[in-house]
Amino acid sequence: MRVQIIDSGNPVSAPITVVGRNAWCLRTLINAGKRGFSSVDNPAPRTSHYIFKLRRFGFAIETITETHGGAYPGHHARYVLHSDVQVLEGQAA
């Protein structure tokens, strides 16, 4: 998947190639929109690591800490993509 970070319709980054689980994570962020996603909603191993790697590419991703109950109460992260992304090649969905 090749993407570019844009601002007001203008590219602010060179084209970025994202592959494998990192591409899956970016697609999930794009599709989630402003509500974001968490591993509770969309289970995947190492989600926080994919987010870490996407941030190193230059994507602005917010982490929101949420609590949850159930048999194992605690907290989890919800991730929201704030960068505007233009998909150049590959699928966003």
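Two strands are said to pair if DSSP finds at least two bridges between them. Helices (H or I, at least four residues) and strands (E, at least two) are DSSP runs, numbered from the N terminus.

Good morning, colleagues. The structure above is a predicted model, in which local features need pLDDT of at least 70 and side-chain atom pairs count only at pLDDT 80 or more, while totals for chains, interfaces and linings use all residues. Residues are numbered from 1 along each chain as its sequence is written, and side-chain values use heavy atoms, with hydrogens and water left out.

I begin with the sheet. Three strands form an open sheet in the order S4-S6-S5, and their pairing is antiparallel. Strand S4 (37-38) and strand S5 (61-68) are the edge strands, each pairing on one side only. Helix H2 (residues 47-57) packs on this sheet and touches S4, S5 and S6; contact here means heavy atoms within 4.5 Å. The direction of H2 makes about 160° with that of S5, where axes are lines fitted to C-alpha atoms, for helices over the stretch in contact, and angles run from 0 to 180 degrees between N-to-C directions.

How many bridges join S4 to strand S6? There are two, and S6 covers residues 74-81. Ser 38 stands opposite Arg 78 in S6, and Phe 37 stands opposite Tyr 79. S5 is joined to S6 by eight bridges, with His 68 opposite Gly 74. The hairpin of S5 and S6 has five residues between the strands, and in it Gly 70 takes a positive phi near 95°.

I turn next to helix H1. This helix has 13 residues and reaches 18 Å from its first C-alpha to its last, close to the 18 Å expected at 1.5 Å a residue; the expected span is 1.5 Å times one less than the number of residues. The buried residues of H1 include Asn 22, Cys 25, Leu 26 and Leu 29, buried meaning under 20% relative accessible area with a 1.4 Å probe, protein chains only. These buried residues of H1 pack against S1, S4, H2, S5 and S6. Just after H1, Gly 33 takes a positive phi of about 65°.

Definitions and conventions
Buried means under 20% relative accessible area, exposed over 50%, partly exposed in between (1.4 Å probe, protein chains only).
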